[in-house]
Amino acid sequence: MTDPALLQVDGLSVDYLTPQGSARACSDISFTLRRGEILGVAGESGSGKSTLITALTRLQRPPAVTSAGRIVYHPADGEPVDLVAQSERALRRRRWRQLAIVMQSAMDCLNPVMRLGAQFTDVLRTHDPSLDRAAAWQRAGELVRMVGIAPDRLPAYPHELSGGMRQRSLIALALACDPDLVVMDEPTTAVDVVMQRQILAQVLRLRERFGFAVVFVTHDLSLLLELADRIAIMYAGRIVEIGSSADLYHRPKHPYTKGLRDSFPPLHAPLRELSGIPGSPPDLRDPLPGCAFGPRCPRAHAACEQAVPPLRTVEAQDVACVLYDPQNPEATAHA
Amino acid sequence: MRPAADPDAIRTTTDPPPAGTAPGPAPRKRRGALRYFRRRLGFYLFTAWAAVSLNFVLPRFMPGNPADTLLRDLQDQTGQAPTPEQVHTAQTFFGDPTKDLLGQYLDYWKNLAHFDFGVSVTNYPTPVSQLVGQALPWTVLLVGTTTVLAWVLGTALGAYMGWKPGSRFDAIFAPTTTFLHAVPPFWLSLVALWGFSYKLGWFPVGGGYDPKVPFSLNNVWFVLSVLKYGALPACTLVFVGFNGWLFSMRNVMVTTVSEDYVLLARAKGLAAWRVLFKYAARNALLPNITGLAMAIGGILGGTLMTEMVFSYPGLGLLLMKATTGHDFPVMQAVFLMITLAVLVANLIADSVYVLLDPRTRDEG
Amino acid sequence: MLNGILRKWNVRIGLGIFALALLVAFLGPWVAQSLIGWSGHQVDYHAIGRPPGHGHLLGTNTAGNDVLAQTVLGARGSVFVGLVSAVLATVLAAAVGVPSGFVGGRYDRVMTAFTNVFLTLPSFALTLIVAGYVQGAPWLMIALIIAVFEWPGGARYLRSQTLSLRGRDFTVAMRMVGETRLRLVFFEVMPHLTGIISAMFLRAMVAGIFAEAGLAFLGIGSTDTISWGTMIADAHSQSAILNGQWWWFVPPGLCIAVLGMATALVNFGIDEITNPRLSAAGRRLVKKFHAARAAGRRAAGPAAAETAGRST
């Protein structure tokens, strides 16, 4: 963990505006991402993890707005900048060269009426005007070859490619301008398990070579345990626990993390008895005064209902749970 | 940092090749496009046959004898008994009574092949083909220019509105176009004619050209007078027409803008105009082309009615004179012209669609 | 879903306009006689081609008929043709489209081809040529002719909707249980299509009113009734424009336009429910949010002003 910081997210909040009032989809998110690090973000659907992705990349669509916080980006050369305060024009110059994204459904992410190659060359030539058409095409060929697609598929239209090919070409596309950070939003949900393994292995290998950092969002915690250096667990728009993959797996602190871990079968460990988490995620438009997980938590008690617990460093990870509050008499009971 | 040859590349691809990829992409695609085009052409030929046959069948199965009706009307109008030639024309137009139905049908096709639509009854003995031939260029000119203008204008404005829904421009235009779209074109023509020609006197009250100028395409004054006389009908038609395109393009655009590929284009840091044109509008355009094919019949109908209001010397005026004079041969010829024009327009729209949407080229 | 649609303000206004038009259509002669004082056919020999005023709210035409009374009477001529043609067209569309989508196979292929041929042929021209041969027909006949060429669009749409319903779990389940096809169509499929069919019906009604007006304008409409179309046609043929009698042709045309707008309003409301992305409300809220923030920043002083220029 000696690498310098690449991205510092500080108190980030995202609201969805509705005529009836706003719903806070992400609240007070803070974390630091180091160069070349893979940070996994896990949570149930509706936990705000996809909202976090669009906020980080400043791609959110109405009615979502960033209502508070900073996203400080540290370029390899030059001063740190707050992405939240940047104008669309200034951002455009940073996009893809520093900040790339791989989205969920590959079928919908490629322009159906443009050849695959053209979707590479337009971004290549936008960010490097000195590149001529032929050189850009050549470079596009190199990129798709990296993910196991023959360059002679470049003239194909997206509908002529298989699902796996489309997903891998999106990863190749993300690497086109050699970014510092690639944000991935469940890039493997639409493909079968075999392809999922291949893609993950590829992401790890390419990271080794190019050294980009990754924020990888998924609902599948077991997948992150394989892939990520650190994992953040989100619940109801907040990070409830963040720490290294190993710590999180072997010594989960938050009851929700425990529940999440125990509801997935481990990939490379002896099978444990699986148990789900009863109940369903809360309504974000009408947040509880205390811990949002309280109503579903097996260890809930009176202190949980008083205030939203802040993230506290407990041993190797940070946890937002009153069980670890030194002032809480119940805290002694912790795992 | 650029990798030359990549050792990490995965060679064991699990994807099966897409169906029918044997000879490489280019020839396969062209064949697909050709097949699609041939299928559409076949459909339009069949539809044309159906229309032409309907045109044959209708008068023969209508209650009463159209030939008699026609002669009676003619007598009512002129106040004198029809000449033997007129009686002959009226009777033979609906087929030689001495032949059976199949024989009449074959004769009918033979005549059509020679562009012989019979002889006009009210303008006896002018051949219908001559009347239609005189009127057709005016209608083609009017409907062609106004449809293209309205479509381009509506689509462009709609793309802009859909790009930024909720803008002030959008908030003003969306309701106005809704209302204008609901106005019958011939009524709007009447209002325009009354307002601009009668009240303000900016435009001529009717006709397609200045009758005082010699009728010749080489004459600049004649061409100018055509523009002057055509301006108000054309403006009215564009004004009526563009609302529909604007509205549909806006709605498709709003949906397209929230597609993931547009979001990704934005994430790629492409220039705004490139995202707008190459990603959003380029895809939103496709339904509007299909829409053009579907709407062309209605547009033509509206144009003909507008011609009647402005006494514009096209098929519409011819049709109006024919219906009031019960000139069935002319009505039938105009019907055929409209139908065939619509089919041709559809075929053109289909061909453009094939060029613009690669997905149609691979459909079996 | 139906409840949500009925709560939309634009749907309510649209349906309100339709209800009003129907009411006027049914009560037309009574309204004209007792509220306006002129029957529409009555001639006022002291007011020939008079502009609005002097006891005639919308003036009189060259025959001395009260234009307002005629417009009220014309509602019946137009709306009834629209109504009858819409009923017939909708029934035809459902009769062709629903079985075609439900049965599938060769029957579907034949019916689809048949529908497509009629869809491609311009209905305007078809209506015209048929109406041309039966000139001077009663309004019911005109409605029938309009309906006969009005159904294909609806049939195609209903077919595709039925096709998707057929594959849904509940229909498959009912089929497994051994329900007859007829029962399935009427009790399982049709209820799901009522929303679509009602919207189609409104559109068909306005299309019928448009078509009737067009035919009347061409002089081949019904001769036995006054309609908005015959009023416009009479005004045109009797040179109302050259005489500057705008009050003669403006009211009936506006009535048609208002009914057209009413369908558009209803369609808007349905679109907003079925395709929420079309609504611009979200964007407006975001704009307001940023405006409020910028104002807050200005109030806070110049220190925070550096970030004020950003968008979204």
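Predicted model: local features only at pLDDT ≥ 70, side-chain atom pairs only at ≥ 80, totals over all residues.
Let me begin with Arg251(A), which is partly exposed, with a relative accessible area of 42%; on this scale buried means under 20% relative accessible area and exposed over 50%, with partly exposed in between, using a 1.4 Å probe and protein chains only. Its partner is Asp247(A), and the two form a salt bridge in which the closest N and O atoms are 2.5 Å apart, where a salt bridge is a side-chain nitrogen of Lys or Arg within 4 Å of a carboxyl oxygen of Asp or Glu. Asp247(A), for its part, is buried, at 13% relative accessible area.

Residues are numbered from 1 along each chain as its sequence is written, chains are lettered from A and ligands numbered from 1 in the order in which they are written, and side-chain values use heavy atoms, with hydrogens and water left out.

Over all chains, the count comes to 20 salt bridges. Another of these pairs Asp180(A) with Arg35(A), the closest N and O atoms being 3.6 Å apart. Asp180(A) sits in the loop between helix 6 (163–174) and strand 7 (181–185) of chain A, and Arg35(A) in the loop between strand 2 (21–34) and strand 3 (38–42) of chain A, so this pair ties together parts that are 145 residues apart in sequence. Helices here (H or I, at least four residues) and strands (E, at least two) are DSSP runs, numbered from the N terminus. Asp180(A) is buried at 19% relative accessibility, whereas Arg35(A) is partly exposed at 22%.

Which chains does the next pair join? Arg266(B) forms a salt bridge with Glu88(A), the closest N and O atoms being 3.7 Å apart, and because Arg266(B) lies in helix 9 (residues 260–267) of chain B and Glu88(A) in helix 2 (residues 88–94) of chain A, the pair joins two chains. Arg266(B) is partly exposed at 26% relative accessibility, and Glu88(A) is buried at 19%. Arg95(A) also belongs here, since Glu88(A), Arg95(A) and Arg266(B) are linked in a network of salt bridges.Turning to chains C and B, 49 residues of chain C are in contact with 58 residues of chain B, contact meaning heavy atoms within 4.5 Å. Between them the two chains bury about 4800 Å², 80% of it on carbon and sulfur atoms; buried area is the accessible area (1.4 Å probe) that two parts lose on being put together, summed over both. The count of salt bridges between chain C and chain B is zero. On the side of chain C that touches chain B, helices 4 (105–120), 5 (123–133), 9 (181–217), 10 (228–237), 11 (246–274) and 12 (281–300) of chain C each supply at least two residues, and helix 11 of chain C gives the largest share, twelve residues.

Finally, the cysteines: the structure holds zero disulfides over all chains, a disulfide being a pair of cysteine sulfur atoms within 2.5 Å. Cys177(A) is in no disulfide, and the nearest cysteine sulfur, that of Cys109(A), is 17 Å away. The sulfur of Cys297(A) is 6.0 Å from the closest cysteine sulfur, in Cys304(A), which is too far for a bond.
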